[in-house]
Amino acid sequence: MKTVFSYYKKYIPFMFIVLVALFGQVWCELSLPNYMSDIIDNGIVAGDMNHIKSVGTIMILVAAMAAVCSITGSLFATLTAAKSAQRIRGDIFRKVTSFSSAELEKFSTASLITRSTNDVQMVQQATTMALRMMLFAPLMGIGAVIMALRTSVSLSWTIALALICVLGLMLFSFAAVFPKFKVMQEKLDRVNLIMKERLSGTLVVRAFRTEAKEEGRFDDANIDLTKLYIFVNKCLAFLLPTMTFIMSGVGLLIIWAGAHLIEADKLMIGDMLAYLQYAMHVIMSFMFVTMIFIMLPRAAVSMKRIGQVLDTKLSIMDPSDAKAIEPGSEYTVEFRNVSFSYPDSEEKVLDNISFTARPGQTTAIIGGTGSGKSTLINLIPRFYDATEGQVLLGGTDVRDLEQTELRSHIGLVPQKGILFSGTIESNLRYGNENASEEELVKAAEIAQAMEFISEKQNGLEEEIAQGGTNVSGGQQQRLCIARALVKNPDVLVFDDSFSALDFSTDKALRKALKEEIGGRTYIIVAQRINTIIDAEQIVVLDNGRVVGLGTHEELLKSCEIYKEIALSQLNEEELSKAAASGKEVH
């Protein structure tokens, strides 16, 4: 919560203006009953029209001043809340985008969305209410009690009775509602999670005909959240009529007791009406306090949830004394005795891996499912950090480089093609906004994407839907490859990025890449032997260990696991033919 409160320091001048405006509003509103009493007792009762006009004019001016103070206070309170919420949302976004994979695993995507939207909105609403009511209600309540006692001590028991009733109502509401707020936010996370899973897995749900089951899951979570909302709002709905009943009852008591005092010439009619106004101010102030005490616990839960994101320590940080890759260095990628295990896990995913990927060569990585291929690739751009050993780029440990500097040299094509809403052109420019149209076309041609792009009605200006849902899986992969090429990086990393391509497109793409990579370092993770058969260096992984290192022909002779993988895809005759020709077999 301290983290969230720090966002308000910048707006202390705004809060000071709100405080001054509230003092002015309270003074004006507490003055009005006195003027009303004066008009009744010294104007209406005495029949003095001039006195009525003069005091009435003052009342109008005081009321106008109260309105100005109220508007000013509301304006600056709203500005403080809105500006603070804007900064909090921005910092949450920046914090989340700086998370490594380790931090992202601590929060679900649905929870992060809820925290950056619903929780921030709750804090914003609470800030506006706190700046207005938290200051206004005590000032008005205390001031109204003082003014009421100055007007008539004999009627003070009515306010005391009203306060006892209001305090009892506050305690009941607080005890009933407060514990539910944390549960409410958790249930909202659950609804968002199910909704996200349902939308992202629509095709799977339809394929397995589990629409009814998914609707049942959502209905259960939705009903739980609805029941909780209904319970909380029932408690809140109970407050208003109860407070109205208390106010009406106290008003009747004041009129009844005041009538007896007027009859005994111990109280003026105007003073009784003024006292009635002060009593209503006291009750309304405590009603505002009740609303604050109901709103703030929920806001406190939201603040805590926001703070958990903002206070999360990043496991991957830029070094304080960052180095730079020396100009003219070759952008080799070297794994030197690298081991890795996930946080809170003793088992090593990667164990003592060493090899070097050199510029101008293709280094391929192959292995069974769960052998650690993608994890190994993720160590290069520091999505994770090696727990032992070193990963070096151009002879420099990647942990000694700034992340922006490191990643500026790397073009990564992930296993799952990810496109953003916009156009084909905007997606290709994602890593290089200043790329010319010729560069975009050339990258698309190398990636074998120009064929289907030219068939589009708008060419490069063709719209891409969110998530790239309006293009096929193979087209997504080719656009992602083209995007990496437009960046013109020194190191190209393909994490099983050819899996959705047919053999002929795969072959044409790799041939074009081979002609264009020049002095770049080219690393490819693949499942298909045909994709890596002509690589200068193939790394074979098994259970996180390197069990083979060499060319296709060498590994067929020296690595049994590689041979098993090859035979699972090609027969002996095809392998022999491929080994002899050095070319893939279809």
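These legends accompany several close-up views of a predicted model.

View 1. The largest nonpolar core holds 55 residues, and Val250, Ile254 and Ile283 touch the most other members. Six helices each supply at least two residues of this core: H2 (12–44), H3 (49–97), H5 (109–151), H6 (156–200), H8 (211–263) and H9 (269–310). Of these, H9 gives the most, with 14 residues. As background for this view, nonpolar side chains in soluble globular proteins tend to be buried together.

**View 2. The surroundings of Ile283.** Here we zoom in on one residue of that core. Setting aside residues up to four places away in sequence, Ile283 touches Ala162, Val166, Met243, Met247 and Val250. Val250 is also one of the residues that touch the most other members of the largest nonpolar core.

**View 3. Helix H3 packed against helix H5.** The two helices pack at an angle of about 160 degrees, and their axes lie 9 Å apart. Angles over 145 degrees count as roughly antiparallel, so that is how H3 and H5 run relative to each other. The crossing of H3 past H5 is right-handed. Sorted by class, their contact has 10 nonpolar, nine polar and three charged residues.

**View 4. Ser374 and its partners from elsewhere in the chain.** Look for Ser374 in helix H10, which spans residues 373–378. Ser374 counts as partly exposed because its relative accessibility is 24%. Leaving out neighbours within four places in sequence, Ser374 is in contact with Gln415 and Asp495. Val525 is 151 residues away from Ser374 along the chain, yet their C-alpha atoms are separated by 7.6 Å.

**View 5. Arg382, a buried loop residue with positive phi.** Arg382 sits in the loop between H10 and strand S4 (388–393). Its phi is near 65 degrees, a positive value in a residue other than glycine. With a relative accessibility of 3%, Arg382 counts as buried, because the cut-off for that class is under 20%.

**View 6. Asn488, a loop residue with positive phi.** Our last stop is the loop between helix H15 (473–486) and strand S9 (491–495), where Asn488 is found. Although Asn488 is not a glycine, its phi is positive, at about 55 degrees.

Notes: Residues are numbered from 1 along each chain as its sequence is written. This is a predicted model: local features need pLDDT of at least 70, side-chain atom pairs count only at pLDDT 80 or more; totals for chains, interfaces and linings use all residues. Side-chain values use heavy atoms; hydrogens and water are left out. A nonpolar core is a set of buried Ala, Val, Leu, Ile, Met, Phe, Trp, Tyr and Cys residues joined through side-chain atoms within 4.5 Å. Buried means under 20% relative accessible area, exposed over 50%, partly exposed in between (1.4 Å probe, protein chains only). Helices (H or I, at least four residues) and strands (E, at least two) are DSSP runs, numbered from the N terminus. Contact means heavy atoms within 4.5 Å. Axes are lines fitted to C-alpha atoms, for helices over the stretch in contact, and angles run from 0 to 180 degrees between N-to-C directions. Angles under 35 degrees count as roughly parallel, over 145 as roughly antiparallel, 65 to 115 as roughly perpendicular and the rest as oblique. A crossing is left-handed if the near helix is turned anticlockwise from the far one by less than a right angle, and right-handed if clockwise. Ala, Val, Leu, Ile, Met, Phe, Trp, Tyr, Cys and Pro count as nonpolar, Asp, Glu, Lys and Arg as charged, and the others, Gly among them, as polar.
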